[in-house]
Amino acid sequence: MVMYCGDTMNAVIYARYSSDKQTEQSIEGQLRYCYDYAKRCGYTVVGEYIDRAITGTSDQRPQFQKMIADSAKKQFQFVIVWKLDRFSRSRYDSAIYKSKLKKNGVRVVSATEGIGEGDESIILEAVLEAMAETYSRQLSQNVRRGMKESALKGNSTGGTIPLGYKLVDKRLAVDECTAPIVQYIFQEYANGTPKADIARYLNENGYRTSTGGKFTVNSFTSILSNQKYIGCYTYNGEVEIKDGCPAIIDKELFNQCKQRTARNRRSPASKKAIVDYVLNGKLFCGYCKSPMIGDSATSATGTRYYYYSCAGRKNRKTGCKKKRENKDFIEWYVVEQTVLYVLDKRRIEMIAERVVDAYNKSFSDDSIKDLKRQIRSIDKELDKLANALIDSQSEKLTVRINEKALQLEIRRDNLQTEIAKQQMDCEREAIQKDDVVKWLKSFCNGDLFDQEFRQRIIDTFINAVYLYDDKLLIFYNIRNGEQVCIIEDSNELESALPAMESSDLNGNGSPLHSNSERINTFGVVYYL
């Protein structure tokens with residue numbers, strides 16, 4: 001989920017080229033487009049991740065994996081790519097890694113494609129993501145069940161062993177070397193010693209945490225609340241076994257520290273409110289095409305109001321006069337119109353068919369044939385290098401030939417891995433139309449005022465939204481899927497309704513919606 005709190009939105013750039021026939025100029029070109037895009041959108045680029053001569057069909061890319069890991073640090077909100085295939089050429093991998101980024105509040109955006117060019121590929125990724133999450137959830141449930149059984153027996157369930165303990169026959173036992181450190185921490189804290197002083201003493205005397213690091217003030221939070229130190233073995237809030245492990249301190253000392261913690265607990269400091277702007281990156285000014293970005297203002301009474309404002313007008317770069325719009329209403333309205341547009345019975349059937357087609361094309365024989373063709377090309381290059389190596393009389397040239405051959409071998413191995421992967425995907429149970437229909441219908445009963453539901457709808461179905469003062473132009477992740485939503489005074493709606501056009505008619509020549517159906521409770525008219 002993309003967050004905004006009035007500060008500049010941060011982004012990183014991911015660039016990649018897959019062939020030795022491509023060069024650094026390819027990377028430079030990608031970076032130039034991505035930096036231009038970031039400037040237009042008002043994003044601050046805080047980092048670059050670049051993989052060279054590595055295929056996008058593999059997820060074994062060092063900088064790519066580093067970027068995924070770094071997303072957990074919450075230091076950037078967008079990953080900008082030149083084109084989406086730079087992120088991944090594997091549909092399944094793309095879905096999985098975009099899901100990981102999304103959980104860390106990060107969204108992938110393309111600098112050169114996607115605006116108004118939606119198709120069902122994004123919806124397919126959402127379906128694959130849902131399938132992966134279901135599998136992961138089932139696997140997690142099975143793992144948790146086994147771990148719970150272990151916990152009931154008082155056995156360790158993995159993870160970091162608490163300071164002061166060691167494992168003996170899968171059970172916690174007192175570590176005579178480190179248990180005194182725990183006793184010192186509890187005793188000093190109960191006596192009123194500041195945490196900073198406790199940490200300083202331990203570090204100066206060479207003591208370390210259970211993970212081998214130096215003590216900080218935050219090191220004591222989990223220690224002072226860990227009931228294992230009084231012999232109560234707990235697991236995941238579900239299992240609690242008294243005398244399930246040996247105690248290191250007595251209950252009286254533990255409770256003294258608990259009471260001091262409660263006394264010292266202060267209300268969180270007043271901070272700038274963090275607000276979800278779920279349309280960030282997808283909402284644009286209809287007049288100057290600049291991004292509409294999160295904004296806020298405080299009234300004379302101290303009430304905080306939230307808006308979407310045209311970046312061009314806000315930064316005074318375009319001379320645009322687009323007025324700012326109420327955040328909550330715009331998000332609600334876009335989602336409401338999308339639900340009406342996408343979850344129409346006829347359209348659900350059509351979308352499901354296209355998603356299945358997109359899935360089948362992703363794992364077609366043509367794709368595997370192309371990978372095999374690339375391997376044959378590499379084999380020919382390796383043969384040429386072998387002949388050149390035989391004829392080489394120069395040590396430097398021999399080194400260069402061997403380096404080139406090694407690069408080609410790595411590419412060849414990656415391609416063979418991808419072929420095996422795609423063959424497994426082809427053998428996997430195919431996505432069925434009925435399953436996609438069922439998944440699409442799961443959106444029908446969502447709460448339009450629930451922020452998480454809004455995020456799901458926007459991530460899955462919205463490609464881009466252009467906002468004018470009196471209407472919205474919405475592009476969907478459906479081929480040729482777009483609609484205009486006209487905002488009118490509710491008292492003038494009936495007289496303002498435009499004449500029906502051919503695009504408003506179904507196959508029988510009758511209206512898709514009657515006038516009354518075209519008017520929602522906020523006095524907005526929409527037409528397809």
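Me: In what order do the three strands of the antiparallel open sheet come?
Reply: The order is β12-β13-β14, where a strand is a DSSP run of E with at least two residues, numbered from the N terminus, and two strands pair if DSSP finds at least two bridges between them. This is a predicted model, in which local features need pLDDT of at least 70, side-chain atom pairs count only at pLDDT 80 or more, and totals for chains, interfaces and linings use all residues. Residues are numbered from 1 along each chain as its sequence is written, and side-chain values use heavy atoms, leaving out hydrogens and water.

Me: Which strands are at the edges there?
Reply: β12 (292-298) and β14 (325-326) are the edge strands, each pairing on one side only.

Me: And which residue in β14 is the bridge partner of Tyr308?
Reply: The partner of Tyr308 is Glu325, and two bridges join β13 (residues 304-310) to β14.

Me: New topic: what is the order in the open sheet of four strands?
Reply: That sheet runs β3-β2-β4-β5 with parallel pairing. β3 (44-52) and β5 (107-110) each have a single partner strand, so one side of each is left without a neighbour in the sheet.

Me: How many bridges link β2 and β3?
Reply: β2 (residues 10-17) pairs with β3 in the parallel sense over eight bridges, and Tyr14 stands opposite Tyr49 in β3.

Me: Last one, what lies between β16 and β17?
Reply: Five residues lie between these two strands, which form a hairpin, and Asn480 in the turn has a positive phi of about 60°. β16 (residues 471-476) and β17 (residues 482-487) pair in the antiparallel sense over five bridges.
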